[in-house]
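Thanks for coming. Please take a look at the sequence and the structure on the screen, and then I will go through a few parts in turn.

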Amino acid sequence: MKNRKRPPWLHAGGPSLFIPGASVLEKSMPAVIIDGKALAQRLRDRAAERTKKLAERGIKPCLAVILVGEDPASLSYVGSKERALAETGISGLDIRLPADTPEDTLLRRIAALNEDPLVHGILVQLPLPGHIHEEKIIMAIAPAKDVDGFHPVSLGNLMAGRKGFVPCTPLGVLHILKEYAIPTDGARAVILGRSNIVGKPLANLLVRKDSNATVTICHTGTRDPASVCREADILIAAAGQPGLVSADMVKEGAAVIDVGINRVPDPEAKKGYRIRGDVDFESVREKAAFLTPVPGGVGLMTVALLLHNVLDAAEGV
Ligand code: NAD
């Protein structure tokens, strides 16, 4: 196996990786696979400590989780969020509503939760059934309880560099970069996807002075996205297209972060499907310096950082 040259954007003398045996300066193939489980466990441990401290002040953090309907993927996401809450000692107020719940009813429930001093955060699991306007629902959540960070006030604060809730998945991407000492300062970052919950907030986080990356967003209108991706020191795939990023789209030594969570049919799997990311893992691992797995990567960060957003809300920071 050939030794790969140190990527030029990894400046000498930078911090060493926290993974034993892996060194920024002696990178050899294949990619370091990011251990989302370990990172998430550390975040959960820290969340449990923060929860205990709040308990000493007589505060019991509480997140209201609203699920409308029984979309299987949503049920699974809500389940993993509620398990993480329970493990940490944060109360989960579980609100399940039938798929035909009128929009007005949902708005009234949110208004009541906004007024409830014992509820610190409100999360409405998306997507919502077609008759409910998602934007109207997101707008109804009080910005002080908007722990998902989807409210326009939260997004505006992020863009303006002000304090406020930041969506958990982009936060998770940044957390991975930081924990693995992947430098963003001066790096070229390319994001595939321009959604309000991943691509755009992530671009805002990366261009902030404390990240200092030069950011390009690719989307369905981008001409020759492969050549744009090949310029990336940090390539983040959040397009919702299984296996979209192949090795020929990746610069040697890049850090590749796979946000995609896609269900693809698999007759051999018990459930008839398996989860696949937006990155062709096997080919890209031979070229990248760092790569996140799916599952076991960004998704775990999202859930763990939600806990911290709820704790921020409970602490009133
Ligand atoms: P979305 O459908 O709202 O947005 C996808 C974006 O990708 C769009 O802006 C579109 O322009 C762009 N896009 C689509 N095809 C493209 C292509 N071929 N090249 C370049 N851009 C392309 O999706 P989303 O909600 O942002 O989610 C994206 C993916 O991330 C999905 O797979 C989703 O399941 C996953 N996701 C994961 C987490 C997590 O916790 N890991 C959280 C949220 C979303």
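**The ligand and its surroundings**

A backbone N or O atom of T220 lies 3.4 Å from an oxygen atom of the ligand. Before going further, note that this is a predicted model. I261 also has a polar backbone atom by the ligand, 3.0 Å from one of its oxygen atoms. At G299, a polar backbone atom is 3.5 Å from a nitrogen atom of the ligand. Taken on its own, the ligand has 850 Å² of accessible area, and the protein covers 73% of it.

How many residues surround the ligand? There are 22, and the closest are R194, S195, V259, I261 and T302. By class, ten residues of this shell are nonpolar, eleven are polar and one is charged. Helix α10, residues 298–315, gives the largest share of the shell, with three residues.

**The sheet**

Next, the strands. Six of them form an open sheet with parallel pairing, and the order is β1-β11-β8-β7-β5-β6. Which strands stand at the edges? They are β1, residues 32–33, and β6, residues 214–218; each has a single partner strand, so one side of each has no neighbour in the sheet. For β1, two bridges in the parallel sense join this strand to β11, residues 290–291. V32 has F290 in β11 as its bridge partner.

**The cavity**

Now to empty space inside the protein. Rolling a probe the size of a water molecule over the atoms shows where such space is left. The count of cavities of 30 Å³ or more comes to one. The largest cavity holds about 60 Å³ of space. What lines the largest cavity? The residues are I122, V124, L126, I138, I141, D146, D148 and F150. Six of the lining residues are nonpolar, none is polar and two are charged.

**Backbone details**

The peptide bond from L126 to P127 is cis, with omega near 0°. P127 sits in the loop between β4, residues 121–124, and α4, residues 134–140. Another cis peptide bond runs from V294 to P295, with omega near -5°. P295 is in the loop between β11 and α10.

Why point these out? Most peptide bonds are trans, and most residues other than glycine have a negative phi. A181 is not a glycine, yet its phi is positive, about 55°. A181 is found in the loop between α6, residues 168–179, and β5, residues 188–192.

That is the end of my part.

Key
Residues numbered from 1 in each chain as written. Predicted model: local features only at pLDDT ≥ 70, side-chain atom pairs only at ≥ 80, totals over all residues. Heavy atoms only, no water. Near = heavy atom within 4 Å. Polar contact = N/O pair within 3.5 Å; in protein donor to acceptor, adjacent residues only side chain to side chain. Areas by Shrake-Rupley, 256 points an atom, 1.4 Å probe, with all protein chains shown as cover. Helix = DSSP H or I, 4+ residues; strand = E, 2+ residues; numbered from the N terminus. Nonpolar A, V, L, I, M, F, W, Y, C, P; charged D, E, K, R; others polar. Pairing = 2+ DSSP bridges. 1 Å grid on protein atoms, 1.4 Å probe; cavity = no way out; pocket = protein on both sides within 12 Å on 5 of 7 lines; lining within 4 Å. Points joined across faces, edges and corners; volume = space filled by probe spheres on them.
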